[in-house]
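Here's a quick tour of a predicted model.

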Amino acid sequence: MTVQTDWNGLAEAEFRAILRAFIAEKCPANLRYYPYRFPAATTKVWYEALHEAGMIAPGWPVEYGGMGLTPARHLVFIEEMEAGGTPFLHDSGVRNLGPALIAWGTEAQKQHYLPAMHSGAHIWCQGYSEPSAGSDLASLSCSGRFEGDRLIINGQKIWTTSATEANHMFALVRTDTSGPKQEGITFVLVDMSLPGLTVRPIDNLSGHSDFCEVFFDDVSVGADAVVSAPNEGWKVARAQLGFERIWAGSPKRAVKTLAQVRRLMAARGLLEAPGWGERLAQATFDTLDAQDLYARFADLVGTGGTLGVEVSALKIWSTATFQSLSEMLIDAAEDEGGIAGDLDADGQPLDVLAPYYESRAPAIFAGTNEIHRNILARSVLGLPKSG
Amino acid sequence: MTVQTDWNGLAEAEFRAILRAFIAEKCPANLRYYPYRFPAATTKVWYEALHEAGMIAPGWPVEYGGMGLTPARHLVFIEEMEAGGTPFLHDSGVRNLGPALIAWGTEAQKQHYLPAMHSGAHIWCQGYSEPSAGSDLASLSCSGRFEGDRLIINGQKIWTTSATEANHMFALVRTDTSGPKQEGITFVLVDMSLPGLTVRPIDNLSGHSDFCEVFFDDVSVGADAVVSAPNEGWKVARAQLGFERIWAGSPKRAVKTLAQVRRLMAARGLLEAPGWGERLAQATFDTLDAQDLYARFADLVGTGGTLGVEVSALKIWSTATFQSLSEMLIDAAEDEGGIAGDLDADGQPLDVLAPYYESRAPAIFAGTNEIHRNILARSVLGLPKSG
Amino acid sequence: MNRIDDDTAVMLREAVDKHARRNMDPGLVRSRRSTTPGYAPSHLQALAEQGWLAAFVPEAADGMELGVDAAAILTEGLAPSLLVAPLDSFFLATRTLVGAGAGSDLFAGFAEGETLPVLAFQERPGDVFAPQTAQTVCDASGRITGGKAFVVGHAGAGRFIVTAKRGAALILAMVEAGAQGVETETQWRADGTPIGQVRFDNAPSVIVADDTATVTQAIGLAVDEANLVVAAELMAHIDAMMAMTLEHLRTRVQFGKPIGAFQALQHRAVDLYVRQLLSRSVLDPAVGQVAEGMEPFERSRLVSRVRCRLNDTARLVARESIQLFGAMGITEECDLSLHVKRVLALTTWLGTSGQHRAQFAQSLASSNQNFSHEEIMP
Amino acid sequence: MNRIDDDTAVMLREAVDKHARRNMDPGLVRSRRSTTPGYAPSHLQALAEQGWLAAFVPEAADGMELGVDAAAILTEGLAPSLLVAPLDSFFLATRTLVGAGAGSDLFAGFAEGETLPVLAFQERPGDVFAPQTAQTVCDASGRITGGKAFVVGHAGAGRFIVTAKRGAALILAMVEAGAQGVETETQWRADGTPIGQVRFDNAPSVIVADDTATVTQAIGLAVDEANLVVAAELMAHIDAMMAMTLEHLRTRVQFGKPIGAFQALQHRAVDLYVRQLLSRSVLDPAVGQVAEGMEPFERSRLVSRVRCRLNDTARLVARESIQLFGAMGITEECDLSLHVKRVLALTTWLGTSGQHRAQFAQSLASSNQNFSHEEIMP
């Protein structure tokens, strides 16, 4: 690791310039500008470059090897990574678990886990949802039973993103059924190589296996794998969301799909075809407006404001825009819109169905858009509780 | 009155031909093809022509001066009246009250009221809604108190269409508060010239006064003005809806507005303007499809099928189409879209804002579209009761 | 063409529903993805045995010479089990031949499922509305050279029915799929069924019709009818997705109650239902009218209206069903995916909504004379 | 033009809010419908006394020479009380004069509200985007003959700022409203405010600018800025309608509970809120950017995007608010109607969404060269 830089102390322009130069030098061109997540092995070179430069954990405090960025600086970091088209990583550990561990973990947990997720040795997945606990997460039933200094886990998780790539899981398990459902939930760290743990990939519409079912059959972990205290897991999971929520509303994928639409329309001579110009104009408005909305929340964070539940509006708009652009791409392909795989768009390959498939999950995961509407109705609009 | 014709016995083509000839002869050209309701005095000449020809009450049995049409024939009658652009009449008595009286009224009530509504001497309005009982009609509170052979009415009705034109009202009043809210409601006939009854017109968005508030201050009617029995009014009101529901979903007004849109677009050279052609095509689809949907229900009635609650779908679609066409008309007027009164469209006057105003009430009256969605969700889609 | 009466329609509907239910096998549908010819050979045999191929062969060739009304019933019945192919290709080609007045000898082997006829008439995106040909020519000795695209059914084709230019004339020719100089290339549609390009290099042919008017008229009618058959298939997928989604809403419990008890989801389901009912109300009479016979200009306008409504409803229901299903809706193993992918494949075949709408818009602009109050269709 | 700093903005916002609240009078608004000049004369006086007219007059004429950022704040503050007119007309005209480099003497009486300047530049529908003139000419002696349309503020105008052709040049001239040869005709907008046509018959004028480039640039900037001011007013009406509708949802009881407890209505209200927040997020930075100064091509594109979003949100919120209010929503006496009608009037002034979208589409088509992954705005 190089000498620690005072990233927040740099002028913003200089900070951006450093990031751009770094991306240009270290991020392989063949990994850039893809809307999909590659396997961990493919992106390992970039993950390790970030790790070695001390840039894999922009939001962590410096003492744990993070960049210690202020929220505003963190957003600049994200902007530059997105502008440079750097690939999605299997960095759920760094992004989601790390801050929770730093806040709630024991010193021993921090010592053991943080360096390994920083280096990429540990790849983490998140075990929250269950077959009967989707939108209603708090009703989860995957059970944890304490026996001496062991916690024995039985049950099932589902929709676990990248479980086949991960070797560790942070999970919520039910350790007490006697009280209200938000209580009695424990946040636990699981080594996925333990006996009794089975992963079954689930094919999604595009034929990929982004998410999995994970089965626990008497999986035994030490009680020292519990974060915070037993039955206190709901608190940890909620706090973990915090800053990350703005991610779910990033217009990044809408922006990429709009670029594909424009490219295809140009290739097919549709830019001046009747009706298409206005449709492209509206799609461009919807996307640029999403960026303005994103910037509004980013500014809010940047100026030290708190990111309230209003950010759900961003998630709803960005995911809906991504979806409608994905259908516009199919429409712009006209007779070829129903054909799978890469089409030719003026010499460049273009898979017009992929964004349709890819744009479904964002409106469902991280809270369905319907759940986010409930939140906005109650918490922002002050409407009465519905029956 | 002329010799009674066996209208159902005529061949359909002949029936249509008779109606067309009659309209051509008797319905003044200056009353035809208007989407708005004229004052009763204005349309009196046409009302009386229908009365004299025995054609004012197409659905009534022949013995009461009706045409005794089968449901299928009745729809043909409506089709021809609409195609001929005959004006909306103040015929709520004939359309809504008449069938209820024939079913539930005493012989004395029939003798007294039916001829007067047939001739147009009695003009009826419907007193159902109240300030606190709109969508939730059964919660109405306008009270009726029996005192000997009198019924004393106190309270208020609202959204009473054409109350300023009417001289009689059929109303629902609360005569018992002890049981479930659908019980304890009485259906009563009120002479509006009685002391204690006051009408206050309510201006609507277009500056017209289509509907009113009606106040009752110790208005005393005879107990013989009750239809069916005291506290049995809900049954009478519900049954009264029956066949008339298809009216609310008539695409007639959407069709007229589409014609205005086309006329304006042609006058403004928009038929081949970028984006406009496709928009007109879609608007035409939406309207023609509404006609197909209407025809489906009409056929259902015509072939002896029962008109189920599915007809709510027709109401939702037709009213939504009317509304979106009304905004398209404003848009097609471009810089002139915000100007009130008649514009010039290739030499013909056109009020581009009127349909916007006129298209609001149909989505709200006769059950808001939201109430119709509730009905469809429960009764047609079989979804569970919402909390 | 012969219309079917109401009793026959009821019987046919029952027969095809029964057949489709008995042969429903989602696992088989999935396993056949990205394989040719896109259906089980035994399925073509079954269609023949049921008499559903002979149904469209001319009476002179011992068939029943039925048309779009029968085809719509068969398609709608087969679609819930994903068993339409290759009946759609067969119908399009056979109707073209019938319309072009092809001799009865040209239908040999059709009714028995021995020879699958496949129409190859498109050459580039968007030309479905103009049955012309720019790239394919026929020489004096009847040899065809050129290429066709968007050919559905190509992989199982016994004979290609091909449009070509001979001098200034648009002709229709029949080329054996196995003849010298015929090559095909396969792409996969969203549902894993094949769609092909066909190239002809001096391929021998039999001329079916040699005057432009006949060919244009025959293809125009057959494509319009096939569009209604696609619409009928879309109707079946709409119905299937709606049934699955409503069942999910009734049974999936979250927050202690079926999610179908949440009013916001109820109203969204109702808005889908309104479109479903609208689609049905548009489709059925259109099939009847076209089966009765219509003037070509009005027929094409009607067909475009139907295709737009069915395309748009199918895509809307697909999109909303996925969302209402939640995470399960984006899995391959949920049978909803079978219908969603079929919808993605179908809504771009024989004209997208955008193309049909543009066609209709042109007709509105060109036929705009004067407007009366009564008039909405010029 | 001078930008205002954050502290000034806060103070200005507070002052105008206070003024608007104090002068709110829906009854007066209704009673003034279909009367000229469309606002109370005392209101113009009040605007002058507050210094909100002098704000836009050049420093050389003892004003503050503020621009669109200040105008947006004032407009948004006055709009909830329906008190914007005639500040909108005043701003459009004054900014045109400033942009054209008009001498300070031409601003006499403006700051005091004694003379209301009104820009008259449109001649036919749709020409808001092309500050040309086809019908209005200026002769060698400065006399103007021709006609203008869609002139907002005409009925109270002291001076018309008029575009005209002199030879091949587009010039800007100032004509006294009371001068010989000036006639106006009034129509009423949806909200009962006047909009006018102005005809000039050999009317004497003072030439403000006489070269095409200066006039085009000045009008282009002033119209873009005025479009943002209209957008700011629309934002205020969106906020007002949302507040009223949410209050109605919270308090109107049916079926034993506030109707806002019905989830289907909640989700519809949320969808309105999303658009409301989106509109705000688009408007505010755009005002800042334009106030900073932008290259005209990009500025016009940005303005079109803002207008489309604000227009469309305002119309959506109007439509949905009426429906959510139920029968009360279609009454004139419900104050919602004041905002709905103002929205109907505003959304067609200085460009409809359709016109702005078409403008933007043209710019997309014309600037389409090559695309990279990063790029979305060519």
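## Where chains D and A meet

Start with the head count: 42 residues of chain D are in contact with 44 residues of chain A. Put together, the two chains bury about 3900 Å² between them, and 67% of that sits on carbon and sulfur atoms.

## Charged and polar pairs

There's some charge pairing here too, with five salt bridges counted between chain D and chain A. Take Asp289(A) and Arg305(D), whose side chains meet in a salt bridge at 2.5 Å, N to O. Polar contacts across the interface of chain D and chain A come to 11 residue pairs, both partners being at pLDDT 80 or more.

## What chain D brings

Which elements of chain D give two or more residues to the side that touches chain A? They are α6 (212-251), β10 (257-258), α7 (263-292), α8 (296-325) and α10 (353-366). Of these, α7(D) gives the most, with 15 residues.

Sort that side of chain D by class and you get 21 nonpolar, nine polar and 12 charged residues.

## A look at strand β1 of chain D

Now for β1(D), which covers residues 117-120. Pro117(D) and Leu119(D) point one way from the strand, while Val118(D) and Ala120(D) point the other way. Buried or exposed? All four of these residues are buried.

As for its partner, β1(D) pairs with strand β4 (residues 159-166) of chain D in the parallel sense, over four bridges. Within that pairing, Ala120(D) stands opposite Val162(D) in β4(D).

Technical notes. Residues are numbered from 1 along each chain as its sequence is written. Chains are lettered from A and ligands numbered from 1 in the order in which they are written. This is a predicted model: local features need pLDDT of at least 70, side-chain atom pairs count only at pLDDT 80 or more; totals for chains, interfaces and linings use all residues. Side-chain values use heavy atoms; hydrogens and water are left out. Contact means heavy atoms within 4.5 Å. Buried area is the accessible area (1.4 Å probe) that two parts lose on being put together, summed over both. A salt bridge is a side-chain nitrogen of Lys or Arg within 4 Å of a carboxyl oxygen of Asp or Glu. A polar contact is a pair of N or O atoms within 3.5 Å; within protein, one must be able to donate a hydrogen and the other to accept it, and residues adjacent in sequence count only if both atoms are side-chain atoms. Ala, Val, Leu, Ile, Met, Phe, Trp, Tyr, Cys and Pro count as nonpolar, Asp, Glu, Lys and Arg as charged, and the others, Gly among them, as polar. Buried means under 20% relative accessible area, exposed over 50%, partly exposed in between (1.4 Å probe, protein chains only). Two strands pair if DSSP finds at least two bridges between them.
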